[in-house]
Structure formats: structure tokens, C-alpha cells
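User: I would like to learn how to read a few features of a protein model, with the cut-offs stated as we go.
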Amino acid sequence: MGDNTSGQAPHWRPGPYSTITAASNHTCALTTTGRADCWGSNDYGQASDRRGPFSAIDTSQYYTCAVTVAGAAACWGSYGIDDSELDRPGPYTDIAVGSGFACAVDTDDAIDCWTLGSYGRDMTEVDGEGGPYTAVTASENHVCALASDGYADCWGSQSGAGPYLTIDASPSQTCGLIHDGSAVECWPAWESDPTVYTRRDFALPMTVSSWLPTPNADGWHREPVSITYSCSGGVTYFGTTTTCPDRTDVTGDGIHSIAGIAVDDTGELQVTNTVNIDTTAPTVLPLFDSQPTQGGWFNRQVLVTFDCSDATSGVATCSSPVTVDTDGITTVNGTATDMADNATSTPVTVKLDMQAPTSTYAGEGLGLGISITPGSALTGTADDTTSGIGAVTVRLTDADGATTSLDAELDCSTGELMIHRGPSAEDDANAGLGGEGASCTWRVDNAPSGSWTLSTSASDMAGNVEEPVDHGTVIIV
């Protein structure tokens, strides 16, 4: 348990406490309510309890100093002199006590030192050096401050390599906990002038001097990246030199972790950069809320949605759904961008025909008895100016209501007779909008004899079917 001759190191002391500090002959701790609870040697008043409340506390052999929650420095001990002579208004965030002096971190993150008592040590030369600082520690003849970047600046002492999570000083040395918690590093105090300032220049400063090109706002690149490093060596205390990493060229889509390692006499410093590259544009897949015919025509309004995907950086924007409700051939664009600003525009053709075709009878014989001879036929026309005519059905109904259905032959462009029982993709390639199949003549040869009620019904490439049209009575003999 160590030396407990003054009661400074009891086996157990109930709390609850939030922080503790110890000198050679007395110990102080802050309770969770901020009161200073001290025990051990109190020959000079250094182990007196104080109500506070305090946020930070530190001790030396003859003094105890604490920072109030309002930021003022309060000190006690000092051979019984008036405590008010030791206090400072601050405001401060941390405090350390040495042999006859105190140093504190002020709210400007600088170090402020003052003498404790008439026989104290003048450390005012420490004021204004370096920074910004987050914490300070001191012992008999030296002071070390923890800078905001994790490195230590010291007066009257060597400085460690760092960076550190925290540092603490004893009369002969200062120790720091390495930033990742992997080790403790200690360095000696000097017996010479305690105001000599040492900078942590030997801590291998290295920066990434440039990324070409720079990433976008989301941290992604659309092309290969070159990383260059800037390193500084030549340290006053150690006289080191630095080996700096070469330029690194990063290619290929994906997330790359690139380590640059600088080396000097004190060891290595590694700077790791994450480089995100995506050179591939996203994909846009159009989706329809219904299926078209074999020729690609729809016969009711179409809702087009877009399935956007990107395998690397992810989708940033994707087109909203589009409703197509106008007959004809409409082109809509599905667009997408990814997090790397790659863009895709995919044109989508929607062929829509919501109107049924029309058909007429153009031949003779309505209400007459005619003789069908070779070359004679029932004939008419069929029209559909959007998707085009696909088929015409002729129906002959006798007096008893019995119906005979005949598929008409169609002549839509070349004069050649084409029987359409259902359009093929090849037939539809040029159909519609005034092309093949827009206006046709139909023909039925060798119709059966008899007295018939004649009706026709045309269908188009989109699957629209005309209601049967009654053309009257035809007598075929």
C-alpha cells in the first residue's frame, strides 16, 4: 500500500468520489457533489476539507488547489498564510500544483501560472507559450500541458512523442497514456532551468497536402485519386530526419483505406485516409403497371415507375413515377444520380392506343341476291391511325340466329392479301401512326350462300376491339 505514516494511504476510504490526486504526505479527492475531501499530513493546512463545489483538483507537498464550478482557482496550505493571497479569479478549466507555484488552463486554452507564497517559484515565463491546451500537470520543478491535438508541451522537462489521452507528472518524470490506450510513455524531468520550453516537434508532424481531385460533398470521387503527403523533421532536441511517404495513386471503384507512414528516429507516424471512388453510373430500369401486347402497345393509361440502383456509392436521386395517358408514342426519361454525382438518363418509349378501330362494308349486295363468282368478294375498309389494324372479323347471321364468323384478308399497303389472325412482332414493326396497318381494305372470298345479316368488327395492334357493326342484309346465291 506504500507509505501511510501520515494517514495518506488508508486501505479503504468510502466515497462516492469523482476524481483523486495525491502528494507525498496527503491525498485529496472530489466527491460526486464537488466537495474536496482530504486526508493525511495537514501541517500546513494543505489537507483541509473544502466545501467547493469544485470541478478539478491537484496537490503538491505543501499545497492543494482546486477549480470551482464557476472557474475560479482556490488554493490552501502554504505555511499558514492567508489563502486569499493564493487564489485567482480565472476562469479556468484545469489546474496543477508544483513546488511553490500553480498553473491553470484558462478559457482561452492558454496556460496561466502564478507563485504560491513568498517563497514560491516564479513560473510566469510559462504564460502564453504554445497551445491551445486541454489539461495541465506539474510536479516539483516542471510543468507539462496537453495540447488539443494530443501532444505534450513541457517546461523544465523533455517532451514525449505522443499523441496522448492524458498526462501526469511526478518529481522526476512525466508519463502519458498513448492515444489508443495501447501503452504508457514516460520521459524525464530536468534539473536545469524549469522554464526551458520544449516543443513536441519530434512527434513526426505529417499532413496530407493534397487530394487530386478533391471529393464531392458526400466524400466520393468519380475518377482515380492521387494523394501526396507533407512531412517535417529536423527536431531540435533529437536532431531527427524524416522519411515521407511517396505519392499514392488510388484507382478502382470501392472504398479504399490508404495508409501513409512517415519514419524518423523516434519511430513511425501513420496517417490513414479513406478514399471513396465510384466511376460507374447508376442503372435505371423502367417498370410498367400493366403488360403491353406482343407489338408493344398498351390500351389503357400507363404508370411508369423507375427502379434505380448503384452498387458502389448508392443512389442519390431517382426519377418519380410518370403517368402516360395520351394516345401515340410518348418518350419519357428515367434519370438517376449516385452519391459520386455519376448520372444516367434512360429514354423509355410508351406506345398507347386507347381507341377502338372502325370498319365499314364497301361491297354490293346488301338486300340483293347476287352471285359470287371467282374474283368476287365481300369487301370493306378498316381504320386505326394509332397502333394500326390487326384483324377484321366478318359475321354472317341467318334468320335462326346462327352465326358464321370469317377472318378477313387484309391489304394494308402493298396490294398483297395478308390474313391477320394476330399481329406478329415483325408485322407491328412499322405499324401505327400512319404506317402499315393504319388504313386497310378487307376481303372475304367464297362466302357461303344464303340470306345473312352482315356485321364486322375490327381489332387493332393494342388489343382494342370494335363493337360489331351491323351493315344490313346480304343475299349470296
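User: Does Tyr 361 count as buried or exposed, and at what relative accessibility?

Analyst: This is a predicted model, in which local features need pLDDT of at least 70 and side-chain atom pairs count only at pLDDT 80 or more, while totals for chains, interfaces and linings use all residues. Residues are numbered from 1 along each chain as its sequence is written, and side-chain values use heavy atoms, with hydrogens and water left out. Buried means under 20% relative accessible area, exposed over 50%, and partly exposed in between, with a 1.4 Å probe and protein chains only. Tyr 361 counts as buried because its relative accessibility is 12%, and Trp 442 is buried as well, with a relative accessible area of 1%.

User: How many aromatic pairs does a search of the whole structure find, and how is such a pair described?

Analyst: A pair of aromatic rings is described by the distance of the centres and the angle of the planes. Rings of Phe, Tyr and Trp (its six-membered ring) pair if their centres lie within 6.5 Å, and planes under 30 degrees apart count as stacked, over 60 as edge-to-face and the rest as tilted. The search of the whole structure finds seven aromatic pairs. One of them joins Tyr 133 and Trp 155, whose ring centres are 6.3 Å apart with planes at 65°, so the pair is edge-to-face. Tyr 133 lies in strand S10 (residues 133-138) and Trp 155 in strand S12 (residues 152-155), so the pair ties together parts that are 22 residues apart in sequence; strands here are DSSP runs of E with at least two residues, numbered from the N terminus. Both Tyr 133 and Trp 155 are buried. Tyr 361 and Trp 442 form a tilted pair, 6.3 Å centre to centre with 35° between the planes, and this pair links distant parts of the chain, with Tyr 361 in strand S30 (residues 358-361) and Trp 442 in strand S37 (residues 439-445), 81 residues apart.

User: In which sense do strand S8 and strand S9 pair, and over how many bridges?

Analyst: Two strands pair if DSSP finds at least two bridges between them. Strand S8 (residues 101-106) and strand S9 (residues 111-115) pair in the antiparallel sense, over five bridges, and the bridge partner of Cys 103 in S9 is Cys 113. S8 and S9 form a hairpin with four residues between them, and Asp 109 in the turn has a positive phi of about 65°.
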